[in-house]
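Open the model in your viewer and keep the sequence panel beside it. This tour goes stop by stop: select, look, move on.

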Amino acid sequence: MRREDILPLAEHFASKFSTARRLATEPVLVPALMRSLLDHAWPGNVRELENAIEHAVTFARGGPMDVQHLPDHFSREAPERSGAVELHLNHLSSVSFTDTM
């Protein structure tokens, strides 16, 4: 799935599931949720995105959809990524330090 397709598809699926559930308000995807969707690798492709949005619509109950409304594996991804970034940054700083000596 192309990265530029993720948010339009997410909005389409949110509208589809909100209509199916007869929710009174238009679905709103908050920025943190959009970032999480864009950061995800989507190994299950469009079907995984559709299922994640259905989950979010269900748990948001007509309110703004946020990261906590996504399936559990999304919340487990963030610490792993931040740890990888921290490890990478620590490695870079140690390389820089040893290179200057």
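**Stop 1: E50**

Select E50, which sits in helix α3. Helices here are DSSP runs of H or I with at least four residues, strands are E runs of at least two, and both are numbered from the N terminus. This is a predicted model: local features need pLDDT of at least 70, side-chain atom pairs count only at pLDDT 80 or more, and totals for chains, interfaces and linings use all residues. Residues are numbered from 1 along each chain as its sequence is written, and side-chain values use heavy atoms, with hydrogens and water left out.

Is E50 buried or exposed? E50 is buried, at a relative accessible area of 19%. The cut-offs are under 20% for buried, over 50% for exposed and partly exposed in between, with a 1.4 Å probe and protein chains only.

Now show what touches E50. Setting aside neighbours within four places in sequence, E50 is in contact with F13, K16 and F17. Contact means heavy atoms within 4.5 Å.

H12 belongs to helix α1. It is partly exposed, with a relative accessible area of 47%. H12 and E50 are 38 residues apart along the chain, yet their C-alpha atoms are separated by 9.2 Å.

**Stop 2: the salt bridges**

How many salt bridges does a search of the whole structure find? It finds four. A salt bridge is a side-chain nitrogen of Lys or Arg within 4 Å of a carboxyl oxygen of Asp or Glu.

Stay with E50 and select K16. The two form a salt bridge, and their closest N and O atoms are 2.6 Å apart. K16 lies in helix α1 and E50 in helix α3 (residues 45–60), so the pair ties together parts that are 34 residues apart in sequence. K16 counts as partly exposed, at 39% relative accessibility.

Next, select E54 and R21. These two also form a salt bridge, with 3.3 Å between the closest N and O atoms. This pair links distant parts of the chain: E54 is in helix α3, R21 is in the loop between α1 and α2, and they are 33 residues apart. E54 is partly exposed, with a relative accessible area of 28%. R21 is partly exposed too, with a value of 34%. Elsewhere, salt bridges that share partners join R2, E4 and D5 into one network.

R2 is exposed, with a relative accessible area of 51%. D5 is partly exposed, at 23%.

**Stop 3: α1 against α3**

Colour α1 and α3. They pack at an angle of about 50°, with their axes 9 Å apart. Axes are lines fitted to C-alpha atoms, for helices over the stretch in contact, and angles run from 0 to 180 degrees between N-to-C directions. That angle makes α1 oblique to α3. Angles under 35 degrees count as roughly parallel, over 145 as roughly antiparallel, 65 to 115 as roughly perpendicular and the rest as oblique.

The crossing of α1 past α3 is right-handed. In a right-handed crossing the near helix is turned clockwise from the far one by less than a right angle; anticlockwise is left-handed.

Show the side chains between them. From α1, select I6, L9, A10, F13, A14, K16, F17 and S18; from α3, select V46, L49, E50, I53, E54 and V57. By class, this contact has 10 nonpolar, one polar and three charged residues. Ala, Val, Leu, Ile, Met, Phe, Trp, Tyr, Cys and Pro count as nonpolar, Asp, Glu, Lys and Arg as charged, and the others, Gly among them, as polar.

**Stop 4: α1 against α2**

R3, I6, L7 and A10 of α1 make the contact with M34, L37, L38 and D39 of α2. The classes here are six nonpolar, no polar and two charged residues.

**Stop 5: the whole chain**

Zoom out. The chain has four helices and zero strands. Read along the sequence, the pattern is α-α-α-α. Of the 101 residues in the chain, 27% are buried. Among contacts between residues at least 6 apart in sequence, 70% join residues at least 24 apart.
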